Amino acid sequence: MPVPALDQLWVYLSASPLLHLLVTLLAFMGASYLNRLLGGTPFLHPVVLTIALIIGFLTLTDTDYATYFEGAQFIHFLLGPATVALAIPLYDYRERVRRMLVPILLSCVAGIVTAVTSAVGVAMLMGASRETVLTLSPKSVTSPIAMGIVEKLGGIPSLAAGMVLITGSLGCALGPVIFRLVRVRDPSVQGFTMGLAAHGFGTAYSFSSIGAVAGAFAGLAMGLTGLLTAFILPPLVHLFGL
Amino acid sequence: MPLIAGMSVLLGCQFLGEILVHGLQLPVPGPVVGMVVLLVGLMINGRVPTGLRTSGEGLLRYLTLLFVPAGVGIMVHFDLIKADFWPIIVTLVVSTALTLAVTAKVMSWLTRSMPRDPRDEWREERP
């Protein structure tokens, strides 16, 4: 009887971590390919596309997120060491960073304060719930750090990861337009700004579309923003009475 | 073996970070403190060991893939997103545009008198 056998095989496979680990990798490859086919449009970022594909698959197979995460946690776990690894680009550009330390720190703080106050302010004006406001507050920070911050604040870490991703792809789409509007041409400034406002997405974008120096500055901004936001954000959010 | 050594350094720093966060009750995620630990370690060591660079840059190259499992978690919150749909969308667009504009403006103003790095000249013609 091939039908029940296949059925049992599916039950067995979907209960093991293997299937969803494989689904994640395949969806990522498929989405990257699809994005290239579409001319690398920033409006359909490969990661956003990957997530949509996987959610579609899970909905079709009637799988819940907890079951999916059993397998995907192996990839998720690597976010920790990847965050630690951000020290490497920081170390590589330490000379440049030392020379530009004051402008870098001041612009980083200005950027973080803008990101947090505008996110919290606009969300509150629009009447979002407290949980949503807290979850949106670190949207410019790379997701492992954002999730840690949101967890400590009392927001929803997994939703924060989603908000961070959307922010990242928005940053890649808006960045070039904004740079033209404010007439900023310096690639190190552009890279730094992309890394600050759009974390890993902005960093990848800077490397591929602006240049190596922009990429390095983006990596620096991403690490520095993550680090400083973790300290600046909680007191800043408390100013709003949250 | 260098790859394993590199990975061990990354995990070791994360581990130290977690211990420091719990021991000192810091309001920061463990891996962030781990990043500071690694940076201090590199400053003392004076160079990035090859294995560490390979594993670290490998992880950073696929950083966006690592976001996927957590990102799929958005499906659990569809109801919450539906309830706050417009606040979320408007906040993300307005705040991201503002952050980009302010950061770029402040930084280019602060660095306006700085001498250019000759290594950067080639990239000047980019918009």
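A residue is called buried under 20% relative accessible area, exposed over 50%, and partly exposed in between, with a 1.4 Å probe and protein chains only. By that scale Arg98(A) is exposed, because its relative accessible area is 52%. The model is predicted, so local features need pLDDT of at least 70 and side-chain atom pairs count only at pLDDT 80 or more, while totals for chains, interfaces and linings use all residues. Residues are numbered from 1 along each chain as its sequence is written, chains are lettered from A and ligands numbered from 1 in the order in which they are written, and side-chain values use heavy atoms, with hydrogens and water left out.

In one of them Arg98(A) pairs with Glu95(A), with 3.5 Å between the closest N and O atoms. Both residues belong to helix H7 (residues 94-99) of chain A, where they stand three residues apart, about one turn of the helix. Helices here are DSSP runs of H or I with at least four residues, numbered from the N terminus.

Another salt bridge links Asp92(A) to Arg53(B), whose closest N and O atoms are 2.7 Å apart. This pair crosses between chains, running from helix H6 of chain A to helix H3 of chain B. Asp92(A) is partly exposed, with a relative accessible area of 30%, and Arg53(B) likewise counts as partly exposed, at 26% relative accessibility. Arg53(B) also forms a salt bridge with Glu57(B), in which the closest N and O atoms are 2.8 Å apart. Because Glu57(B) and Arg53(B) are four residues apart in helix H3 of chain B, about one helical turn separates them. Through shared partners, salt bridges join Asp92(A), Arg53(B) and Glu57(B) into one network.

The next topic is the space left between the atoms. Rolling a probe the size of a water molecule over the atoms shows where empty space is left. On a 1 Å grid over the protein atoms alone, a cavity is a set of points where a 1.4 Å probe fits but cannot get out, a pocket is an open set with protein on both sides within 12 Å along at least five of seven lines, and lining residues have an atom within 4 Å of a point. Grid points are joined across faces, edges and corners, and a volume is the space filled by probe spheres set on the points.

The largest pocket has a volume of about 960 Å³. It is lined by 34 residues, and those closest to its centre are Gly200(A), Thr203(A), Ala204(A), Tyr205(A) and Arg61(B). Among the elements that give two or more residues to this lining are helix H6 (87-92) and helix H12 (187-210) of chain A and helix H3 (50-61) of chain B. H12(A) provides the largest share, eight residues. The lining of the largest pocket comprises 18 nonpolar, 12 polar and four charged residues, where Ala, Val, Leu, Ile, Met, Phe, Trp, Tyr, Cys and Pro count as nonpolar, Asp, Glu, Lys and Arg as charged, and the others, Gly among them, as polar.

The second largest pocket holds about 430 Å³ of space. Of its 21 lining residues, Pro144(A), Gly148(A), Glu151(A), Glu18(B) and Pro31(B) lie nearest its centre. H10(A) gives the most to this lining, with six residues. By class, the lining of the second largest pocket has 10 nonpolar, eight polar and three charged residues.

A search of the whole structure finds one cavity of 30 Å³ or more. The largest cavity contains about 50 Å³ of space, and its lining includes Ile112(A), Val116(A), Lys139(A) and Thr229(A). Helix H8 (101-125) and H13 of chain A are the elements that give two or more residues to this lining, and H8(A) gives the most, with three.

Elsewhere in chain A, Leu136(A) is found in helix H9 (residues 130-136). Leu136(A) counts as buried because its relative accessibility is 0%. Its C-alpha atom is separated by 9.4 Å from that of Ile156(A), 20 residues away along the chain.

How values were computed:
A salt bridge is a side-chain nitrogen of Lys or Arg within 4 Å of a carboxyl oxygen of Asp or Glu.
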